[in-house]
Amino acid sequence: MMKQGILRNLRYQGRNQLQMAGLTLLTIVLFALFAAFTAPIDRIGQVVIAGFAAYVPTACVLWGVTPGISFYTVIAPYLLSMGSTRKTVFLVDQIYKVVFAAFSGVLFYIVNTIGGEYSAFSGFGASFTLFALIFFLSSMGEVGGALSYRVGKWGMVFYIATLIVICLVIGVAFGLSAAAGGEMARMMYDLAAAMEGAPVTLFALAGIVGGALFSGACWLIVRRMAIK
Amino acid sequence: MSNEPINNIGSTEVKGLEWNLSGEKSIYLQIGEKIETEILRDILLEEERVPSTNELASAYSINPATAAKGINLLVDQGILYKKRGIGMFVASGAKQQIIQKRKGAFYEGFILNLVREAQSLAITEEELVEMIRRAREEKINGEMPDVH
Amino acid sequence: MNNINLSCEHVSKDYSGKRVLNDISLTIEPGCIYGLIGRNGAGKTTLLSILTAQNPATLGTVTCAGEPVWENQSALDHICFSRELNPTNAYGNSSYKVKEYLRMASVYYPHWDAAYAKRLIDIFGLDTKKRIAKLSKGMLSMVTIVVALASRSEITILDEPVAGLDVVSRERFYQLLIEDYTETGRTFIVSTHIIEEAANVFEKVIIIDQGRLRLIEDTAELVSRFFAISGKEEEVDAACANLKVHHSDMMGRSKTAYVELQPGDNIKHYIEGRELDAHGLSLQKLFVAMCGDEAPMGEGK
């Protein structure tokens with residue numbers, strides 16, 4: 001029964017996901033503690049809270065995105081070798097991917113709200129953007145893993161190379177326009193201001209669409225995957 | 001001319017029983033013969049239960065279907081009979097039946113080979129009879145013909 | 001006890017333009033122990049992968065209990081394919097511990113019998129806290145055996161389960177297999193290179209040769225059809241005139257021919273009145289005679 005298959009995967013993959021969520025929280029706490037110990041005493045609260053803008057996304061990427069790259073190279077083959085269908089493994093993987101991205105967004109929202117005026121970001125817009133970012137990066141990473149399993153090491157290499165090239169291009173464009181226009185810091189604040197309060201931002205939408213496209217590509221690779 | 005396989009790597013000893021796995025004789029026939037021999041040797045008595053096919057399969061690491069084939073052959077010949085729900089039993093008169101059967105097969109199985117071999121060695125009939133007489137005298141056990 | 005069958009029709013598989021499996025059709029009857037034998041590279045593992053939907057066939061269909069297996073969870077729930085665990089897989093699968101692997105199995109095999117698994121682990125003396133990458137070849141085999149047996153799946157397939165096991169462990173495996181079979185009547189397919197030991201356990205035998213199905217037959221009947229006829233060369237040739245000769249050896253004037261009879265035929269017809277010896281062949285010997293003359297297909301499966 002397909003339903004049994006889905007439940008099985010929800011149960012098994014869910015355990016992994018819970019571990020990742022736990023590790024994310026732990027990492028954030030560790031970052032915060034580190035900042036607390038290294039910050040000047042009189043501004044400890046300010047520095048630590050402002051830092052969350054970096055801790056939360058970093059931890060979420062670390063535990064939400066990076067393990068996802070190896071899902072189709074390590075975990076999925078085992079699950080498929082034990083008789084699970086590709087459909088159910090993929091479907092449950094997608095469900096948890098969205099859930100984890102949502103978890104990241106919610107976490108960010110909570111942290112920012114508690115931090116109040118010291119937080120670099122605030123409001124629904126920033127959280128939604130983080131959700132979109134995590135979703136996008138996870139989807140991108142998964143395709144790399146799937147390609148590498150299906151096509152071999154060179155698939156992964158080619159894929160990463162392509163991504164690096166794209167990042168460089170964007171980075172150079174960004175950097176040039178920053179140099180031409182004004183200070184980098186000013187740009188970041190403008191960015192933050194632009195994101196605040198806007199119900200749906202362009203970045204977030206682009207991230208979600210991009211993520212969905214990558215997910216579709218992932219299915220195309222996985223649907224006839226052979227276990228080695 | 002020999003019945004031995006070209007190399008002996010195929011034989012293994014399983015729980016004291018030597019199976020000739022080179023295919024000289026099917027395993028199911030060997031199972032049947034083993035049970036017959038045990039009946040002759042009073043290891044299995046008439047009206048006593050014989051091991052089930054599953055027990056035989058487990059004991060000798062063979063497929064139960066093979067064990068069943070061997071047992072069924074004996075059932076068809078009336079040497080064993082089935083008691084529903086309980087198992088297989090040795091029929092009365094089985095011992096005599098087996099002796100008769102083997103006597104009948106004695107000619108094909110032993111005599112023909114003996115004569116053929118003797119002929120290829122140019123042993124005369126007198127020499128052959130003399131050898132048989134000598135062998136019978138050397139036999140210490142009088143009662144039971146030695147069965148293998 | 002079990003009426004789930006597994007069959008394939010006209011299955012072929014191509015890898016980079018090369019046809020590694022060619023038009024294979026067969027039916028696995030329920031409640032039988034099958035042996036699958038073939039040389040390295042003959043296509044055994046590929047065939048098993050395709051039968052269990054772990055590898056898509058290029059052509060042909062595979063059905064289980066009347067339904068196609070591909071991406072069909074209810075069909076796949078009847079099957080367990082316990083393959084050789086490869087510790088040298090890439091990307092950190094070395095981090096899996098045996099007990100984690102077994103936990104995965106307990107979730108994914110609907111008929112998993114945890115008590116039986118525990119008993120088997122004790123019998124084999126497995127340390128479940130060890131990581132898969134650190135296991136010896138023998139222990140890897142034992143893990144695949146535990147998973148296969150404890151899965152209690154109606155159709156259980158083991159790919160080279162005794163590779164790496166010493167003779168005592170191998171005997172133990174055959175024992176366990178027979179015990180399980182007599183208790184459950186499951187269907188088993190066991191592929192192996194160690195033919196003669198396992199021959200008594202197989203009710204039927206499947207022979208794959210160079211990507212083709214050579215035969216699928218009752219073991220005892222198959223073995224009864226093969227003979228080695230030996231004697232003087234001319235006599236042997238005359239006797240074998242109407243027989244299928246798979247292989248022959250010469251030594252001086254003496255020749256041995258390895259022949260196959262048709263079902264129902266009798267060897268006596270061929271050697272009567274001639275100065276010839278004929279004796280039966282073991283499963284291993286007949287397999288070598290049948291498939292031994294081509295160059296090996298190379299390492300790996």
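In chain C, strand E9 is joined to strand E10 (residues 212–218) by six bridges, and the two strands run antiparallel. The model is a predicted one.

- E9(C) and E10(C) belong to an open sheet of six strands, whose order is E6-E7-E8-E3-E9-E10 and whose pairing is mixed.
- At the edges of the sheet are strand E6 (79–82) and E10 of chain C, each of which pairs on one side only.
- On average, neighbouring strands of the sheet are turned by 15° against each other, with direction ignored.
- Helix H1 (residues 44–51) of chain C packs on this sheet and touches E3, E6, E7, E8 and E9 of chain C. The direction of this helix makes about 155° with that of E7(C).

**Strand E9(C) and its partners**

- Strand E9 of chain C covers residues 204–209, and five of its six residues are buried, so the strand is described as mostly covered.
- With strand E3 (residues 33–37) of chain C, E9(C) pairs in the parallel sense over four bridges.
- Within that pairing, Ile37(C) has Ile207(C) of E9(C) as its bridge partner.
- Ile207(C) also has a bridge partner in E10(C), namely Leu215(C).
- E9(C) and E10(C) form a hairpin with two residues between the strands, and Gln210(C) in this hairpin takes a positive phi near 50°.

**Strands E7(C) and E8(C)**

- Strand E7 (residues 155–159) and strand E8 (residues 187–191) of chain C run parallel and are joined by five bridges.
- One of the residue pairs here is Leu158(C) with its bridge partner Val190(C), which is in E8(C).

**Where chain A touches chain C**

- The contact involves 24 residues of chain A and 22 residues of chain C.
- On the chain A side, the elements that give two or more residues are helix H1 (2–38), helix H3 (71–81) and helix H4 (86–115) of chain A.
- Sorted by class, this side of chain A has ten nonpolar, nine polar and five charged residues.

**The overall make-up of chain B**

- Chain B contains five helices and four strands.
- Along the sequence, these elements of chain B follow the pattern β-β-α-α-α-β-β-α-α.
- Chain B has 148 residues, of which 24% are buried.
- Of the contacts in chain B between residues at least 6 apart in sequence, 51% join residues at least 24 apart.

**Two loop residues of chain B with positive phi**

- Glu47(B) is in the loop between helix H1 (27–40) and helix H2 (53–60) of chain B.
- Phi of Glu47(B) is near 70°, a positive value, and the residue is not a glycine.
- Is Glu47(B) buried or exposed? Glu47(B) counts as exposed because it has 10 C-beta neighbours inside 10 Å, and a residue is exposed if that number is 12 or fewer.
- Ala122(B) is in the loop between helix H4 (94–120) and helix H5 (125–138) of chain B.
- Ala122(B) is not a glycine, yet its phi is positive at about 60°.
- Ala122(B) has 7 other C-beta atoms within 10 Å, so Ala122(B) is exposed.

Conventions: Residues are numbered from 1 along each chain as its sequence is written. Chains are lettered from A and ligands numbered from 1 in the order in which they are written. This is a predicted model: local features need pLDDT of at least 70, side-chain atom pairs count only at pLDDT 80 or more; totals for chains, interfaces and linings use all residues. A residue is buried if 20 or more other C-beta atoms lie within 10 Å of its own, exposed if 12 or fewer, and partly exposed in between; C-beta atoms are placed from the backbone. Two residues are in contact if their C-beta atoms, placed from the backbone, lie within 7 Å. Ala, Val, Leu, Ile, Met, Phe, Trp, Tyr, Cys and Pro count as nonpolar, Asp, Glu, Lys and Arg as charged, and the others, Gly among them, as polar. Two strands pair if DSSP finds at least two bridges between them. Axes are lines fitted to C-alpha atoms, for helices over the stretch in contact, and angles run from 0 to 180 degrees between N-to-C directions.
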